[in-house]
Amino acid sequence: MERAQQPGTEFRQNSLNFSVLQQAMTELTGESYPELTRRLVFEPLGMTGSSFDPCWPDTEGRPFAHGHDADGRQVSAGYYANPEPAAGGLWTTAADLAALAAELRRCYLGRERGLVATELVREMLTPQSGRAYGWSTILDTTGGDLEFGHGGQAYGYRAMTWMRVHSGRGLVMLSNAVTGRELIRHLIATELSGRTRLTGEWQRAIEEAVGRERGGTA
């Protein structure tokens, strides 16, 4: 693997970059990615319903919502096991995602005993390379408050998380169907109306997902 640009010189949205980070983290610590994230993030925040284990529903024997395609048909075996967990293989619940967003907010505001240093979270929630992206999150201040969030998708599933830093208001949406993108569109048109950066980035993400589906890929 060769480096194309110096870090921080250009913005490129590519989920494969997370596979590179995953490999670096596992080589550095000697732990599997599911175990590493459990120890560093999920356990400290009490996120007992979350894991990066690709086959977590089976290995843990937990009930889960089966994924469905664009025609409403259940995904074979109930779900697709993503071989690249960091790039899009998180199993989680709405409550756990809300807890993570709330912790990022706490850390940003400098509250005591935060999971991550305030300086790092504030850099995370700062636009990078002139774009409406921080570190792995879309950012918007057009509504008078710093807002952050992102969508998520895996074959048969759709998700969305959003939070305002200062007011503490936020939402989490999870859907076990590809058509869950219509719920995201509804939330964009109602709860996020007027947030030009957030709505623009999310709308582009939806259109890209639709294009991939029409091309036969997840």
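A nonpolar core here is a set of buried Ala, Val, Leu, Ile, Met, Phe, Trp, Tyr and Cys residues joined through side-chain atoms within 4.5 Å; buried means under 20% relative accessible area, exposed over 50%, and partly exposed in between (1.4 Å probe, protein chains only). Helices (H or I, at least four residues) and strands (E, at least two) are DSSP runs, numbered from the N terminus. In soluble globular proteins, nonpolar side chains tend to be buried together.

A word on what you are looking at: this is a predicted model, in which local features need pLDDT of at least 70 and side-chain atom pairs count only at pLDDT 80 or more, while totals for chains, interfaces and linings use all residues. Residues are numbered from 1 along each chain as its sequence is written, and side-chain values use heavy atoms, leaving out hydrogens and water.

Now for the rings. Rings of Phe, Tyr and Trp (its six-membered ring) pair if their centres lie within 6.5 Å; planes under 30 degrees apart count as stacked, over 60 as edge-to-face and the rest as tilted. By this rule there are six aromatic pairs. One of them is stacked: Phe 42 and Phe 52, with 6.0 Å centre to centre and 25° between the planes. Phe 42 lies in helix α2 (residues 33–42) and Phe 52 in the loop between α2 and α3 (56–60), so the pair ties together parts that are 10 residues apart in sequence. Phe 42 is buried at 6% relative accessible area, and Phe 52 is buried at 12%.

Tyr 79 and Trp 91 make an edge-to-face pair, 5.1 Å centre to centre with 85° between the planes. Both lie in the loop between α3 and α4 (94–108), so this pair links parts 12 residues apart in sequence. Tyr 79 and Trp 91 are both buried, and together with Phe 64 and Tyr 157 they form one aromatic cluster.
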